[in-house]
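I opened my notebook and went through this structure piece by piece. These are my entries, in the order I looked things up.

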Amino acid sequence: MKIGVIGTGYVGLVTAAGLAELGHRVIGVDKDEAKIQKINSGGVPIYEPGLEELLRANMKRGKLSFSQDVAASIREVDVIFVCVGTPQLDDGSADMCQIEEVSRQIAENLSRYKLVVEKSTVPVKTSHWIKRTMNLYRKSEVEFDIASNPEFLREGSAVSDFLNPDRIIIGVETDRAKDILLEIYQKYRDRIIVTNIDTAELIKHASNSFLALKISYINLMANICERTEANVEQVAVGMGLDPRIGPRFLKAGIGYGGSCFPKDIKALVKIGEDLGVDMSLLKEADRINFDRVRIFLDKVKQALWILKDKNIAVLGLAFKPETDDIREAPSIRIIRELLREGARLRLYDPKAMDNMKGLYPEEPGRTTYVASAYEAIKGANALLLLTEWEEFASLDLSRVKSLMANPIIVDGRNIFDPEKVRPLGFEYYSIGRR
Ligand code: UGA
């Protein structure tokens, strides 16, 4: 069995490399020639721990190849995993143009039976549209099946999530499709759940929106903590010990970002509303998340009063640690506001600076990217922490203090322990902890 993976973004690259690692023969396909050239010459378009090694090893042992010839690749394979983007449209819904384009391409190159697997996050009922499109565009009566196999890969740990999944959801409507997917994921038999396609599609959106809801919930509790003597971290520990709640995704901060939660929660709101369902619960979770940046900036202003001409060190630009991704990162809105108020920024992130330079280019005296956390801190009137990279947690705080003009820390991710920071002479602001 030969597998094609269309789309070489985060999901496609990890899926292609992961399926090859499981022993299958895989072609990764993308119409973006430059991207394919880069991968074929040993490069990786994104930073993802372990991905480069996995790609290289499987390309070397002949299990994995990449091509920009979409039509020829479709003809060559038996199973096609669709991993193209579904970006957000102005009304919150997902833009399905790329999925439709791929469906047409598959239909036009339907040389023999093929199983088309939706891997990208798509709205419930997408398979019906793919099927209709393929029926409209196929040139012969060759049979095909559609299936849904949503991905649950977290950026920063996508490779290990693929290779050690906690569940594999397979949405199918025929036994043939089911048997093929069971064979592909044979290694994980004990973790496979088979459903119909609508259910599988919805499981993905429902999972991401629930996790986003959980984050907004703890952020709401943080707001209460800040007006009382309660401590949000202890609230989270106390809640999380109840196995029905669980300890994860209860970290208060400046809100969720990335290419998934902000987009998926809006898409699910739109799906529900289009179906006549009151989606105010999720809308409110999204609104709470949007408000996190304002709440953080209020803390900065509480510390500095006027931001104009203040030297501010910004540590952490990525939407979370272990990635260079800045999509929907809270840092973007925070930087925009600081610059609007006239602050002078020295920015540092271990991986995401190049991406941020695309949005906010270097501007002498205003926006300066530096090579280390300590360099950012030099002469700063305040230090802002926006991403919980491990290297920030291990900063030498005495050195930090000696480098700063004013020892003020505004910690958007509760990286430090107030009991340790304050005795060193810092004025320390964090989230949900007085
Ligand atoms: C998320 C899901 O966790 C994956 O299961 C899913 O497959 C993926 O979306 C996707 O749909 O492709 P990801 O966006 O990579 O993965 O990142 P997460 O680790 O889920 O974090 C999302 C955001 O929530 C980050 O900005 C993070 O800082 C924030 N977060 C997370 C919190 O603010 N508090 C927490 O307790 C946990």
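**Entry 1: the whole chain**

I began with contacts between residues at least 6 apart in sequence; in this chain, 72% of them join residues at least 24 apart. I noted at once that the model is predicted.

Next I looked up the secondary structure. I found 18 helices and 14 strands.

How does the radius of gyration fit a compact globule? For 434 residues, such a globule would have a value near 22 Å. The chain has 24 Å, which agrees. I also took the span of the C-alpha trace along its principal axes, about 75 × 50 × 40 Å.

Of the 434 residues, 54% are buried. The accessible surface comes to about 19,500 Å². Carbon and sulfur atoms hold 52% of that area.

**Entry 2: aromatic rings**

How many aromatic pairs does the structure hold? I found three.

**Entry 3: helix α13**

I moved on to α13, which covers residues 330-340. Which of its residues are buried? I listed P330, S331, I332, I334, I335 and L338. I recalled that an α-helix has 3.6 residues a turn, so residues three or four places apart point the same way.

I then checked what the buried residues of α13 pack against. The helices are α12 (280-304) and α14 (353-359). The strands are β9 (311-315), β10 (344-348) and β12 (382-385). Just after α13 comes G342, with a positive phi of about 90 degrees.

**Entry 4: a lysine in α12**

K299 is found in α12. Is K299 buried or exposed? Its relative accessibility is 9%, so K299 counts as buried. The cut-off for buried is under 20%. Leaving out residues up to four places away in sequence, K299 touches E226, V410, Y429, S430 and I431.

G342 is a glycine with a positive phi. I wanted residues other than glycine with a positive value, and I noted two.

K125 has a phi near 90 degrees. I placed K125 in the loop between β5 (114-118) and α6 (126-137). Its relative accessibility is 42%, so K125 counts as partly exposed.

E322 has a phi near 65 degrees. E322 sits in the loop between β9 and α13. With a relative accessible area of 35%, E322 is partly exposed.

I looked up T367 in strand β11, residues 367-369. T367 is buried, with a relative accessible area of 1%. L345 is 22 residues from T367 in sequence, yet the C-alpha atoms are 5.0 Å apart. Which residues does T367 touch, not counting those up to four places away in sequence? I wrote down L339, L345, L347, Y360, P361 and E362.

T195 was next, in strand β8, residues 192-195. At 16% relative accessibility, T195 counts as buried. Its C-alpha atom is 7.4 Å from that of I169, a residue 26 places away along the chain. Beyond the four places on either side in sequence, T195 touches I169, I170, G171, V172, A200 and I203.

**Entry 5: a valine in α17**

My last stop was V400, in helix α17, residues 397-403. Its relative accessibility is 0%, so V400 counts as buried. What is V400 in contact with, leaving aside neighbours within four places in sequence? I found Y374, I377, L383, L395 and F426.

How values were computed: Residues numbered from 1 in each chain as written. Predicted model: local features only at pLDDT ≥ 70, side-chain atom pairs only at ≥ 80, totals over all residues. Heavy atoms only, no water. Helix = DSSP H or I, 4+ residues; strand = E, 2+ residues; numbered from the N terminus. Rg over C-alpha atoms; globule rule 2.2 N^0.38 Å. Buried < 20%, exposed > 50% of the residue type's maximum accessible area, 1.4 Å probe, protein only. Contact = heavy atoms within 4.5 Å. Areas by Shrake-Rupley, 256 points an atom, 1.4 Å probe, with all protein chains shown as cover. Phe/Tyr/Trp six-rings, centres within 6.5 Å; stacked < 30°, edge-to-face > 60°.
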